[in-house]
Amino acid sequence: QVQLVESGGGLVQPGGSLRLSCAASGITLDNYAIGWFRQAPGLEREGVSCIGVSDGDTYYADSVKGRFTISRDNAKNTVYLQMNSLNFGDSNVYYCAADKHPPTGQVMCVFRAAEYWGQGTPVTVSS
């Protein structure tokens with residue numbers, strides 16, 4: 001069975017940084033487009049950052065552009081989201097997802113859909 005396991009979330013002060021990890025089993029991530037999404041309880045899912053099968057194919061939501069960076073380590077079958085300059089609006093539960101179908105990372109993030117989802121890791125920005 002496919003599993004995506006997120007880690008790295010936690011409590012951070014405004015302006016601080018976190019690095020989220022998404023470790024996969026049952027699939028090889030370099031064959032998939034991978035996305036990081038966030039969804040607060042009861043609110044709409046947001047595509048934060050997505051990367052296509054090609055490492056150069058990346059997309060960032062306007063709200064995180066210039067602050068977040070998505071990357072992958074194929075040897076570890078893991079995708080990362082480096083989050084810098086965190087603000088209160090970044091507080092959320094962050095989920096990673098994988099899908100072979102989106103032609104680009106942007107499409108994956110905009111359509112906010114994927115085949116496989118992790119359970120999420122919470123990020124809380126608080127002073």
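Tutor: Residues are numbered from 1 along each chain as its sequence is written. The model is predicted, so local features need pLDDT of at least 70.

Student: What makes up the secondary structure of the chain?

Tutor: One helix and 11 strands, in the order β-β-β-β-β-β-β-β-β-α-β-β from the N terminus. Helices (H or I, at least four residues) and strands (E, at least two) are DSSP runs, numbered from the N terminus.

Student: Why is the chain called as compact as a globular protein of its length?

Tutor: The globule rule is 2.2 Å times the number of residues to the power 0.38, and the radius of gyration is taken over C-alpha atoms. For 127 residues the rule gives 14 Å; the chain has 13 Å, close to that value, so it is as compact as a globular protein of that length. Its C-alpha atoms fill a box of roughly 40 × 30 × 25 Å along the principal axes.

Student: Why is Val-107 called partly exposed?

Tutor: Buried means under 20% relative accessible area, exposed over 50%, and partly exposed in between (1.4 Å probe, protein chains only). Val-107 has 27%, so Val-107 is partly exposed. Val-107 lies in helix α1, residues 105-111. Buried residues make up 43% of the 127 residues in the chain.

Student: What share of contacts between residues at least 6 apart in sequence joins residues at least 24 apart?

Tutor: The share is 59%, where contact means heavy atoms within 4.5 Å.

Student: How far apart in space are Val-107 and Ser-126?

Tutor: They are 32 Å apart, C-alpha to C-alpha, and 19 residues apart in sequence.

Definitions and conventions. This is a predicted model: local features need pLDDT of at least 70, side-chain atom pairs count only at pLDDT 80 or more; totals for chains, interfaces and linings use all residues. Side-chain values use heavy atoms; hydrogens and water are left out.
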